[in-house]
Amino acid sequence: MNRKILKLENLLRFHTICRQLHSLCQRRMLAQWRHVFSSAYAVQTAQLYTRPWQTDALIRAALFQRRLLVTKKEKRSQKSPLPSTKSKKEVEVWLGMTVEELARAMEKDIDCVYESLMNTAVDIDSLETHSRLDEVWIKEVIKKSGMKLKWSKLKQDKVRENKDAVKRPQADPALLIPRSPVVTIMGHVDHGKTTLLDKLRKTQVAAMEAGGITQHIGAFLVSLPSGEKITFLDTPGHAAFSAMRARGAQVTDIVILVVAADDGVMKQTVESIQHARDAHVPIVLAINKCDKAEADPEKVKKELLAYDVVCEDYGGDVQAVHISALTGENMMALAEATVALAEMLELKADPTGAVEGTVIESFTDKGRGPVTTAIIQRGTLRKGSILVAGKSWAKVRLMFDENGRAVSEACPSMPVGIVGWRDLPSAGDEILEVESEPRAREVVDWRKYEQEQEKNKEDLKLIEEKRKEHQEAHRKDREKYGTLHWKERSYIKYKEKKEQQPLKLKEKLERDSNVLPIIVKGDVDGSVEAILNIMDTYDASHECELELVHFGVGDISENDVKLAETFHGVIYGFNVNAGNVIQQLAAKKGVKIKLHKVIYHLIEDLQEELNSRLPCIVEEHPIGEASILATFSITEGKKKVPVAGCRVQKGQIEKQKKFKLIRNGHVIWKGSLLSLKHHKDDTSVVKTGMDCGLSLDEETIEFKVGDAIVCYEEKEVPAKTSWDPGF
């Protein structure tokens with residue numbers, strides 16, 4: 001400001017001096033002309049030149065001011081010109097950035113990103129901090145924030161080195177030693193699989209099972225009188241446990257297919273055959289319950305021919321043994337058939353080197369933490385070994401057999417319980433031994449990274465689909481509003497916004513009642529997997545939406561109750577417990593906890609809960625029916641009212657109930673009666689065989705002789721879900 005004032009003062013002074021010089025020059029010229037035409041030349045000249053120093057002073061002052069201005073301009077021109085605006089901040093970005101990463105790169109708050117994306121095609125409500133942004137929206141945010149974009153090639157091209165653990169190469173055949181066969185017992189539910197194994201083990205497994213059906217895989221090592229050892233896997237036969245049967249077939253050497261002689265081939269029998277065939281595993285047929293009077297083993301063999309299971313009696317290679325698991329008949333014959341087949345297969349394994357195996361089942365024990373049942377397939381497992389399975393690792397603290405006795409080592413084909421896992425691995429995960437704990441962490445980190453990358457790819461794909469949808473919607477909106485006047489456009493948008501007002505409390509409650517949030521807790525990983533597989537078949541979302549909030553292994557905890565309270569959901573527990581403190585907390589918060597020991601009871605309970613969320617169905621129950629014999633009209637005041645003369649054919653007609661008029665099998669009217677008379681008297685009820693006159697509450701309806709009037713009442717009946725879980 002001071003510089004501008006100085007500049008103005010200098011200009012004014014310069015202008016004043018110039019005017020004075022101009023005036024002085026004019027005087028000189030005038031004096032010279034006067035010298036020519038006047039005789040007083042000498043006097044005038046003397047007067048004019050008496051003070052010549054004044055002119056010189058003015059000229060010097062003017063020149064000084066001029067030099068001053070020119071010098072300032074030169075100095076200013078020599079200086080580098082200042083930028084008109086501040087230099088923009090450069091932000092390094094890369095493809096697939098999340099909202100949080102972009103905000104961090106910009107050194108701004110996350111709200112800044114959200115504000116920049118407002119009034120765009122991006123759905124702000126569905127945008128989370130971890131949501132990945134498309135290239136278009138990254139540019140939009142940077143532009144609106146007044147910053148400069150810089151693509152980071154390093155971030156895009158950076159490839160992480162594969163740190164995963166892998167199986168060892170095939171061992172030298174000279175190092176292999178014979179091993180025990182792993183045999184899986186499969187078949188339909190209640191065909192006697194567990195009773196068969198119980199007889200082989202001489203224990204009471206079947207008696208302890210809830211509902212008499214196996215709920216998860218059991219792995220047992222059975223020693224035969226001949227000295228042979230066989231590892232048996234007892235898989236569930238219930239329809240819900242298809243995934244468990246498939247997993248049992250994948251780790252086995254031989255499948256014993258149990259079929260009841262009195263029941264024949266059933267649905268899960270066929271499924272078991274398919275699992276064995278997919279795993280390329282030979283089958284031994286055990287026809288059970290041959291002690292029953294109605295048993296027909298030959299019928300079973302013939303039925304199996306349709307599924308390419310040809311017994312030796314019919315020229316095939318499948319051994320068939322007639323047994324009775326209840327009485328123990330032919331048990332040794334079945335064991336010998338299994339051992340003979342194992343000898344033919346020449347089963348061998350490498351007991352040295354790093355351990356390889358498979359998780360059969362996993363669960364959480366209160367005193368021991370995460371526990372897995374595993375089959376060792378290669379190497380010898382010892383205490384202190386470092387194992388990796390899925391996205392979990394363990395330092396083996398304890399190993400125990402099927403009877404709970406601690407063991408010091410586990411050889412190939414041996415089922416063993418392993419304690420020491422940091423997290424609970426999933427059933428079916430491959431177990432690999434690594435050299436150290438840092439290496440185990442490295443493997444788990446790599447696997448989690450791989451999973452995250454896969455999820456990122458899926459997220460980017462979804463974002464791209466959403467972006468295209470929003471762009472298409474935006475294009476349609478532009479076409480819709482493009483030709484309208486701004487007033488019309490504003491009015492239409494106002495109406496649309498008004499229609500999208502938040503739901504009223506009643507409407508919100510109705511909407512929430514059509515959603516059933518559930519939390520599932522199971523005793524072992526496989527049980528939870530089976531329940532979730534059943535829920536995947538749910539196809540009645542149009543009636544009531546089934547929302548899985550959380551699932552896990554272990555007893556019901558306080559966090560489960562709090563989660564159920566937040567989502568207004570129901571907790572389902574399978575073979576787990578809920579302590580008194582948890583149940584009291586649930587009762588206080590109004591949370592339902594439903595515990596079950598048998599899986600199909602749990603599913604039936606879930607169906608009942610779904611039914612309770614459905615709106616009731618209104619059913620019509622007929623009370624009486626009358627036929628119209630004549631039609632006429634009466635005058636009431638200034639208008640004519642049509643009246644039907646009727647005779648009650650069935651039941652009775654009650655004036656307070658609802659009515660419908662049927663003509664040629666079609667309902668043409670529903671409503672109430674305006675009047676009902678017997679002869680000339682008003683009445684409320686007309687019984688069978690009696691005549692009556694009636695008029696409707698809708699005067700525009702015309703009666704015709706032969707029409708039927710049906711009196712009925714409406715009753716609300718609980719609705720049932722259309723979902724069929726398949727058993």
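Start with helix α18, residues 558–567, and helix α19, residues 580–589. They pack at an angle of about 10°, and their axes are 10 Å apart. Angles under 35 degrees count as roughly parallel, so α18 and α19 are roughly parallel to each other. Their crossing is right-handed. Keep in mind that this is a predicted model.

Who touches whom? On the α18 side, we have E558, V561 and E565; they meet I582, L585, A586 and K589 of α19. By class, that contact has four nonpolar residues, three charged and no polar.

Next pair. Helix α17 covers residues 525–535, and helix α20 covers residues 599–613. Here the angle is about 40°, with the axes 11 Å apart. That makes α17 oblique to α20. This crossing is right-handed.

Now the contact itself. A530, I531, I534 and M535 come from α17, and they meet I599, L602, I603 and L606 from α20. Eight residues there are nonpolar, with no polar and no charged ones.

On to the cores. In soluble globular proteins, nonpolar side chains tend to be buried together. In this model, the largest nonpolar core has 26 residues. Which members touch the most others? They are I185, L196, F232, I256, I323 and L334. Several elements each supply at least two residues, including β4 (182–187), α8 (193–201) and β7 (254–260). Helix α13 gives the most, with seven residues.

How values were computed: Residues are numbered from 1 along each chain as its sequence is written. This is a predicted model: local features need pLDDT of at least 70, side-chain atom pairs count only at pLDDT 80 or more; totals for chains, interfaces and linings use all residues. Side-chain values use heavy atoms; hydrogens and water are left out. Axes are lines fitted to C-alpha atoms, for helices over the stretch in contact, and angles run from 0 to 180 degrees between N-to-C directions. Helices (H or I, at least four residues) and strands (E, at least two) are DSSP runs, numbered from the N terminus. Angles under 35 degrees count as roughly parallel, over 145 as roughly antiparallel, 65 to 115 as roughly perpendicular and the rest as oblique. A crossing is left-handed if the near helix is turned anticlockwise from the far one by less than a right angle, and right-handed if clockwise. Contact means heavy atoms within 4.5 Å. Ala, Val, Leu, Ile, Met, Phe, Trp, Tyr, Cys and Pro count as nonpolar, Asp, Glu, Lys and Arg as charged, and the others, Gly among them, as polar. A nonpolar core is a set of buried Ala, Val, Leu, Ile, Met, Phe, Trp, Tyr and Cys residues joined through side-chain atoms within 4.5 Å. Buried means under 20% relative accessible area, exposed over 50%, partly exposed in between (1.4 Å probe, protein chains only).
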